[in-house]
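Student: I've got this one open on my screen. Can we go through how its helices pack, one question at a time?

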Amino acid sequence: MSKEDKTVTNQYAFIWNYNAHVDHQHNYMGGKPEREKAETDADKEERILLLATNTIIRTQTQSGQQTVDLLKLYRFVDKYFVSEITYKYEWYALRRYLEKYRLLMDCDNEQFAGQMNKEEWFAHSLKSCEANEINIYNFLNDIQPELWCNTDIPLGSRATKHSVRILYKTYSNLEIYKDQLIG
């Protein structure tokens, strides 16, 4: 084998090795790599499914301006909420968070829980969304989250100071990552 043949063989080996071990490649000739096309198609299908099953998330303002991308919202909630919760009542914090950013249409806790528990949404959560659990904390509805921990719990409520602190922590954690959803 000549010196030129070895050089060409080494170049092909380098290119093969690079392609075999790099997960993301850019095609600078104007097209998208096959992996990106497949992911885009999957995202499109998931977005369509979320839109078709959405009954409570506001996706547009009254003037028609988009408020949120459902797929982005879904992934945000899945990553920063569903994967982190340990109590069913924590869904109250998510509801209040979505209300703050005007991402919820008018709905009650039953409708909210119904959508959150849909197979296409968060049926995979280890803690299902239960309207009765959310209802326990409705006494916090007109109180800013920063004041939740200092609020008196109504007599006879199943809420505890500990559970209210957990709600505030859950809500605050969502606020930490809001730039990944809003903006």
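Student: Which helices do the buried residues of α4 pack against?
Tutor: This is a predicted model, where local features need pLDDT of at least 70, side-chain atom pairs count only at pLDDT 80 or more, and totals for chains, interfaces and linings use all residues. Numbering starts from 1 along each chain as its sequence is written, and side-chain values use heavy atoms, with hydrogens and water left out. Helices here are DSSP runs of H or I, at least four residues, numbered from the N terminus, and contact means heavy atoms within 4.5 Å. On that basis, the buried residues of α4 pack against α3, α5, α6 and α7.

Student: How many of α4's ten residues are buried?
Tutor: Buried means under 20% relative accessible area (1.4 Å probe, protein chains only). The list runs W91, Y92, A93, L94, R95, R96, Y97 and L98. So α4 is mostly covered, and the count of buried residues is eight.

Student: At what angle do the axes of α4 and α5 cross?
Tutor: Axes are lines fitted to C-alpha atoms, for helices over the stretch in contact, and angles run from 0 to 180 degrees between N-to-C directions. Angles of 65 to 115 degrees count as roughly perpendicular, and α4 and α5 are therefore roughly perpendicular to each other. Their axes come within 12 Å and cross at roughly 105 degrees.

Student: Which residues of α5 do W91, L94, R95 and L98 meet?
Tutor: Two packed helices are described by the angle between their axes and the distance between the axes, but the side chains are worth a look too. On the α4 side you have W91, L94, R95 and L98, and their partners in α5 are N109, F112 and M116.

Student: What kind of aromatic pair do Y74 and W121 make?
Tutor: Rings of Phe, Tyr and Trp (its six-membered ring) pair if their centres lie within 6.5 Å, and planes over 60 degrees apart count as edge-to-face. Y74 sits in α3 and W121 in the loop between α5 and α6, 47 residues apart. Their ring centres are 6.2 Å apart and the planes are at 75 degrees, so the pair is edge-to-face.

Key: Helix = DSSP H or I, 4+ residues; strand = E, 2+ residues; numbered from the N terminus. Parallel < 35°, antiparallel > 145°, perpendicular 65-115°, else oblique. Phe/Tyr/Trp six-rings, centres within 6.5 Å; stacked < 30°, edge-to-face > 60°. Buried < 20%, exposed > 50% of the residue type's maximum accessible area, 1.4 Å probe, protein only.
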